[in-house]
Amino acid sequence: MVILGTQYAGEMKKGLFGVMHYLMPNRGILSLHSGCNMGKQGDVALFFGLSGTGKTTLSTDHNRYLIGDDEHCWSDEGVSNIEGGCYAKCIDLSKDKEPDIWNAIKFGTVLENVVFEEHTREVDYSDKSVTENTRAAYPIEYIPNAKIPCVGPHPKNVILLACDAFGVLPPVSKLSLAQTMYHFISGYTALVAGTEVGIKEPTATFSACFGAAFIMFHPTKYAAMLSEKMQKHDATGWLVNTGWSAGSYGTGRRIKLAHTRKIIDAIHSGELLEAKYAKTEVFGLEIPTTIEGVPSEILNPINTWADKDAYNATLLKLGGLFKKNFEGFLNYKIGPDNSLTEEILAAGPNF
């Protein structure tokens, strides 16, 4: 691997990640673009998600041990971290919202693309004049509750994160195995397009296995390995929207981080396994009717939209984007007996 002319450490980090996505599956080990943490009782959770969806923020939890925030392997023995450190986005970082990351930034941490006052060396984390992709790279030991060595048992929860700027995905959904595979292969998030004056339309982004730039084999190979491991170790899949509610970007509002953390806590504790569920239209997602500490009205996104027709139109638009993206995977089998293929196709949006 040769990297020329970069001032971005992510080139090295992700380059090696590409190598691991080739080497590990050939050894029967699943390489994962995910965060990973472990509870005091030994329950492990994986967090998949593209940049800006909350992977680092939500896997760094002072009530749980951090195994790693971005790159892992799942073998027959359990999970292990590849990096031995964190590469956290620090745009708009604050001590109140993300205390563990804030406190990890000290001597020995490398800050990248941030703007600081030349004489006092005080960083302005809200300054986006260089790029929004500001970063802090630090050893995992800088997180006080890091799990050293960075290994753990088999995951109990597989959490897929999406920042849905369309505002139509629920804050949390419990997924069947087929739905987990569908959304894993899709790798969806939606970002706000551009910063130019005028209407800013959300733009859907699909990145297979939540890391298409790094995977070396067809996405269905990784999906088949994930499916097999989830079935073997009885793991539950979840889809968590960290994006918008009560409308798309521009009219709605971002789901509060405090509410998302309550949702993640309810997944970890097992509370959501006992919850009552209702099914959504189009995507057929199972959504809990109540979660302690979260306003019940936000759990079903249609309740938060004043304009129900606009909600339905936006939901169908997003469903169409998912279908169009998935057309590229229709000719590939998943698993030796092709058993999950039809189930996975049926697990997508229906309308």
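Hi everyone. A word on the ground rules: this is a predicted model, where local features need pLDDT of at least 70, side-chain atom pairs count only at pLDDT 80 or more, and totals for chains, interfaces and linings use all residues. Residues are numbered from 1 along each chain as its sequence is written, and side-chain values use heavy atoms, with hydrogens and water left out.

Let's begin with the whole protein. You can find eight helices and 20 strands in it; these are DSSP runs, with helices (H or I) of at least four residues and strands (E) of at least two, numbered from the N terminus. The C-alpha trace spans about 60 × 50 × 40 Å along its principal axes.

How much of the protein is buried? Buried residues account for 52% of the 351 residues. Here buried means under 20% relative accessible area, exposed means over 50%, and partly exposed lies in between, using a 1.4 Å probe and protein chains only.

Contacts here mean heavy atoms within 4.5 Å. Of the contacts between residues at least 6 apart in sequence, 69% join residues at least 24 apart.

Now to the charges. A salt bridge is a side-chain nitrogen of Lys or Arg within 4 Å of a carboxyl oxygen of Asp or Glu. The search of the whole structure turns up eight of them.

Please look at K13, in helix α1 (residues 10-23). One of its salt bridges goes to D70, at 2.8 Å from N to O. That pair links distant parts of the chain, since D70 sits in the loop between β3 (65-68) and β4 (71-74), 57 residues apart from K13. K13 also bridges to E83, with the closest N and O atoms 2.2 Å apart. E83 lies in the loop between β5 (79-81) and β6 (85-89), 70 residues apart from K13.

D70 has another partner: the side chains of K55 and D70 meet in a salt bridge of 3.1 Å, N to O. K55 belongs to helix α2 (residues 55-59), and the two are 15 residues apart. K55 is buried, with a relative accessible area of 8%, and D70 is buried too, at 6%.

Which residues end up joined? Through shared partners, salt bridges tie K13, K14, K55, D70, E71 and E83 into one network.
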